[in-house]
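The structure is shown below.

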Amino acid sequence: MPIWGCNDDDSLPEAVVEVKEGHNEDIVSVIDYDIKNDGTLIGSQLNNLVGQSYGKTLYFPAGTYNLTEPIVLPLEYTKNVNLIFDKNATVKSDVHLEALIKVGYSETYFTDVSHRRFSYIEGGILDCYNADNGILVNGRKQLVQIIHISAYTFLKVLELVERVARIQR
């Protein structure tokens, strides 16, 4: 299976192709639920969609998702929600956040540990300019897989470059 965004033909994962063609009910495109990908502020409606999508994967097509609160994924394994971002989907915030994505912070306990499932987050760009963390994972949530994500903060990179320049003088 080719790695998305890293192979020669730049093909999408099969699951994403299925949702684009309307064949996979377990994958939900967030823009079908009025989540804007044009840089417009996104509030609680995204976390409301997470709460309605237990056992499914949310797909974020290319665009800019400007959060006013972190995307919070459940701790409870029976309420697992996965995220797949298009490689050209950028998640950012114009307000200060502790993290853009928080995994395992919506409950304080497990009701059934026998249904352990991975939390899966793939793709996209996390612009952490106004966030302390790109992804924050609760230590009680095990089995979290994070792949092919770019995270950056221009300010922190600029500070590092300035520090290196001072050392070299």
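Phe60 has a relative accessible area of 1% and is therefore buried, a class that means under 20% relative accessible area, with exposed over 50% and partly exposed in between (1.4 Å probe, protein chains only). Tyr65, at 0% relative accessibility, also counts as buried. The model is predicted: local features need pLDDT of at least 70, side-chain atom pairs count only at pLDDT 80 or more, and totals for chains, interfaces and linings use all residues. Residues are numbered from 1 along each chain as its sequence is written, and side-chain values use heavy atoms, with hydrogens and water left out.

A search of the whole structure gives two aromatic pairs. In one of them, the ring centres of Phe60 and Tyr65 are 5.2 Å apart and the planes stand at 85°, so the pair is edge-to-face. Rings of Phe, Tyr and Trp (its six-membered ring) pair if their centres lie within 6.5 Å; planes under 30 degrees apart count as stacked, over 60 as edge-to-face and the rest as tilted. Phe60, Tyr65 and Phe85 are linked into a cluster by ring pairs.

The strands come next. Strands (E, at least two residues) are DSSP runs, numbered from the N terminus. Two strands pair if DSSP finds at least two bridges between them. Strands of a sheet pair through backbone hydrogen bonds, either parallel or antiparallel.

Leu83 has Ile121 of β9 as its bridge partner, and Ile84 has Glu122 of β9. β9 in turn pairs with strand β12 (residues 144–147) in the parallel sense over four bridges; here Tyr120 stands opposite Gln145 in β12.

Another open sheet has three strands in the order β5-β8-β11, with parallel pairing. Its edge strands are β5 (71–73) and β11 (131–137), and each pairs on one side only. Neighbouring strands of this sheet are turned by 25° against each other on average, direction ignored. β8 is mostly covered, with six of its seven residues buried. Ile101 has a partner in each of two strands: Ile71 has Ile101 in β8 as its bridge partner, and Ile101 stands opposite Ile135 in β11. Ala99 stands opposite Asn133 in β11.

| Strand pair | Sense | Bridges |
|---|---|---|
| β9 and β12 | parallel | four bridges |
| β5 and β8 | parallel | three bridges |
| β8 and β11 | parallel | five bridges |

The loop residue remains. Lys87 lies between β6 (82–85) and β7 (89–93), in the loop that connects them. Its relative accessibility is 35%, so Lys87 counts as partly exposed. Lys87 and Ile125 are 38 residues apart along the chain, and their C-alpha atoms are separated by 7.1 Å.

Key:
Axes fitted to C-alpha atoms, helices over the stretch in contact; angles between N-to-C directions.
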